[in-house]
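Let's take a walk through this structure together. Have the coordinates open and follow along.

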Amino acid sequence: MTGHDWIYWLFGTLRWSDFPPKGDLIADCAAGIAIAAPLAVVVLLTVKHRWRWLWEEWLTSLDHKRIGIMYTVIAFVMLARALIEAGLMRMQQALAVNADGVVSPEHFAQLFSTHGTAMIFFTAMPFLTGVINYVMPLQIGARDLTFPFLNAVGLWLTAAGAGIVMASLVVGKFAIGGWSAYPPFTETPFSPGEGVDYWIWAVSLASVGSMLSGINFAVTIYKERAPGMQLFRMPLFCWCALCTAILMIFAMPPLTVATGLLALDRYAGFHFFTNDLGGNMMAYANMFWLFGHPEVYILVLPAFGIWSEVISTFSGKRLYGYPSMVFAVMCIAVLSFTVWLHHFFTMGQSASVNAAFGIATMLIGIPTGVKVYDWLLTMYRGRIRLTAPMLFAITFIACFVIGGLSGIILANPPVDFAVHNSLFLVAHFHNMLVPGTLFGLLAGYMFWFPKVFGFRLDERWGRIAWVCWSGGFLAAFMPLYILGLMGATRRTAQFYRAEYEPFLLFAWAGAWLIAFGFVALLVQLWLSVKRRDELAAPIGDPWDGHSLEWWTPSPPPEYNFAVLPKVVDTETFTVMKRQESAYRSPDSYEDIEVPRNTGIPVIIGAAACVCAFALVWHIWWAAVAGFAAAWGALIVRSFDTDQMRTIPAADVRRQHEAWLTRARAATPIDRFAELEPANRGRAVATQ
Ligand code: HEM
Ligand SMILES: [Cu+2]
């Protein structure tokens, strides 16, 4: 073997030149942050002697609540990154009218590819998986998900994928093929190098993780509901979680197959998606959007669930039209699999095929409209409290209607021929994704935060965040509708039409406002942590809630419920409060089994991350080692027969009775005084 062979054997295609500095100030700053931020965390943990705590209490935990929180942390980190990239793109386009702007066209292409990938797969997906993980088992009166170990594996695979996207900031480059990575552009002849491979493996890890979560959520809802919790007594959020889970189960595999086949094209010289040797790029487009369209409902249905909870709680009313809401969600879930072709109206199928898919697409507007009316009628004659989550909900309804109407416009194939791949489309999908999904998740975060941590979030900064996010959203995205109609194309680094400039500048200002909105969220969190004693609401029901998660102390104990509730209504907790049985002592207690902690999911995630990184750089030995280690760890786990731990009835009794005593002693406060310091977590409707 020559020296060169050895280097290839050991390091694959990785060379010194792939490490920073990259000769591009912005890229170097990004790499610097990607190195410095985790280093700072490591130093902090070491200085504060927190490693053992982190490992034992968090990383190895199989508790669905902790896993949910960790998912949310990943989402916030990736949101920060993706927002910075979004701001950079807005700056580039605003400054690049008849000029060069601040980044090269290739760098711009990396920005929209990582922004889209990070937002969809590593912000929105972990965020919603985190919220479902936390809330759904509590709402159905369960002690945990059916498969806690699988849940942790899904988390760590998602973390591994996020790690791969982050690594691309430092080592080498990310793809420039967009978040959808269409061939033939992403085939080796057009995209040599590591970029597309980073995309392939990051997305594959995330998609496998999401499919596992989907299975877990669906099985949990089918099997773990508390006595009396018939399907039609589940809170609407659980229905949305169930439909999301089913979509995950059926929509993620086509994506995994698509990325797998693309990998075979790139790594093994197959030709699935190239015209020569019999392949066909349309096979990719079909598979990708067979995933991609249901994916947008995976993103938005959990938010629909959150809106339903938030709107009915803060209107002090039952959700209007519960059965119609449930059927609407089911219809949307089914229809979402019948419309994928609207993503390539312009790619040459016949007019009648386009017409069929156009009509199918428009049909989705019907159940969605039902939901909007139900939310409005829930608010109608309600006694509305305008807290931050409710403010987000109101902005959502208004913006969502605009976004939905622009979607109906795009569902016309002839119109789509005119505006596809323009900023009109970018405006439309952000109009759905930002107020629809992201605002929903933020509202859920604010709504359930006191449940999760035992204290409320600062309301003033919540409202400031709301002003910035909603104003910023309108300013950043409404001009794009106009720009799109004026002919501005998407994914374009420079424009040569002076009349675009004012709109682009306006949109850039909007992006700034959104950035302030994100900072406001951080300030809110920081201030609230500092003032947590004053904001404490440990009794557990700060908003006069109606579903079971509010019938636990905040934060809830590991086993969720000392005694499983008897469910009699969709709003069981309200009924209990009305009958004054909510804080009554149960007749008896029993031992409770909870899963023991295990580090194996962390090992599986780390091994998968090594394997993926090695595949990107063709370091075959490390890829094999990582792959073997991940499966090896799983096999080791399957021989472990001591997976559960028992919490004795006496401990359960002690903890539960202590909470009941505190709850009975707490003064109930009127729900209109919820934001006062007196709110310790026992809100009621006094009139
Ligand atoms: C909140 C502030 C946001 C801003 C300012 C923003 C900005 C942008 C910009 C400038 C582009 C490139 C448009 C072009 O093609 O020229 C883009 C693309 C994209 N964004 Fe966002 N975005 C935001 C939020 C989101 C969110 C919340 C999501 C998803 C959950 C998202 C998903 C995407 C996707 C999928 C693309 C397409 C990438 C591609 O073309 O491959 N964005 N965004
Ligand atoms: Cu679609």
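**Around the ligands**

Start at ligand 1: 24 residues surround it, and the closest are His115, Trp179, His430, Arg490 and Arg491. A residue joins this shell if one of its heavy atoms lies within 4 Å of the molecule. Before going further, keep in mind that this is a predicted model, in which local features need pLDDT of at least 70 and side-chain atom pairs count only at pLDDT 80 or more, while totals for chains, interfaces and linings use all residues. Residues are numbered from 1 along each chain as its sequence is written, chains are lettered from A and ligands numbered from 1 in the order in which they are written, and side-chain values use heavy atoms, with hydrogens and water left out.

Who builds the shell around ligand 1? Helix 4 (64-95), helix 5 (105-139), helix 15 (423-453) and helix 16 (459-486) each bring at least two residues, and helix 15 gives the most, with seven. Helices here are DSSP runs of H or I with at least four residues, numbered from the N terminus. Sorted by class, the shell holds 16 nonpolar, five polar and three charged residues. For that tally, Ala, Val, Leu, Ile, Met, Phe, Trp, Tyr, Cys and Pro count as nonpolar, Asp, Glu, Lys and Arg as charged, and the others, Gly among them, as polar.

There are polar contacts to look at too, meaning pairs of N or O atoms within 3.5 Å. Gln93 has a polar side-chain atom 3.1 Å from an oxygen atom of ligand 1, and Arg490 has one 2.9 Å from an oxygen atom of the ligand. With Arg491, look at the backbone: an N or O atom there lies 2.6 Å from an oxygen atom of ligand 1.

Now move to ligand 2, the copper ion. Its protein donors are His293 (ND1), His342 (NE2) and His343 (NE2), lying 1.7 to 2.0 Å from the ion. Donors are N, O and S atoms within 2.8 Å of the metal (3.2 Å for Na, K and Ca), and with water not among the atoms, sites may look incomplete. Along the sequence, the donor residues follow the spacing H-x48-H-H. That links distant parts of the chain: His293 sits in helix 9 (residues 281-315), whereas His342 is 49 residues away, in the loop between helix 10 (322-335) and helix 11 (351-363). Are these two buried or exposed? His293 is buried, at 6% relative accessible area, and His342 counts as buried too, at 15%. The cut-offs are under 20% for buried and over 50% for exposed, with partly exposed in between (1.4 Å probe, protein chains only).

**Rings and charges**

Next, the aromatic side chains. Rings of Phe, Tyr and Trp (its six-membered ring) pair if their centres lie within 6.5 Å; planes under 30 degrees apart count as stacked, over 60 as edge-to-face and the rest as tilted. By this rule there are 48 aromatic pairs. Take Phe232 and Tyr322, an edge-to-face pair with centres 6.4 Å apart and 80 degrees between the planes. Phe232 lies in the loop between helix 7 (195-223) and helix 8 (236-268) and Tyr322 in helix 10, so the pair ties together parts that are 90 residues apart in sequence. Phe232 is partly exposed at 39%, whereas Tyr322 is buried at 13%.

Ring pairs also build a cluster whose members include Phe121, Trp179, Tyr182, Phe270 and Trp289.

Arg50 lies over the face of Trp53, 4.5 Å from the ring centre, and the charged end of Arg66 is over the ring of Trp58, 4.4 Å from its centre. Such a charge needs NZ of Lys or CZ of Arg within 6 Å of the ring centre and within 35 degrees of the ring normal.

**Backbone details**

Finally, check the backbone. The Pro20 to Pro21 peptide bond is cis, with omega near 0 degrees, and Pro21 is in the loop between helix 1 (3-11) and helix 2 (25-47). The bond from Ser554 to Pro555 is also cis, with omega near -15 degrees.

Ala181, which is not a glycine, has a positive phi near 50 degrees; this residue is buried at 1%. Leu277 has a positive phi too, near 60 degrees, but Leu277 is exposed, at 71%.

Terms used. A polar contact is a pair of N or O atoms within 3.5 Å; within protein, one must be able to donate a hydrogen and the other to accept it, and residues adjacent in sequence count only if both atoms are side-chain atoms.
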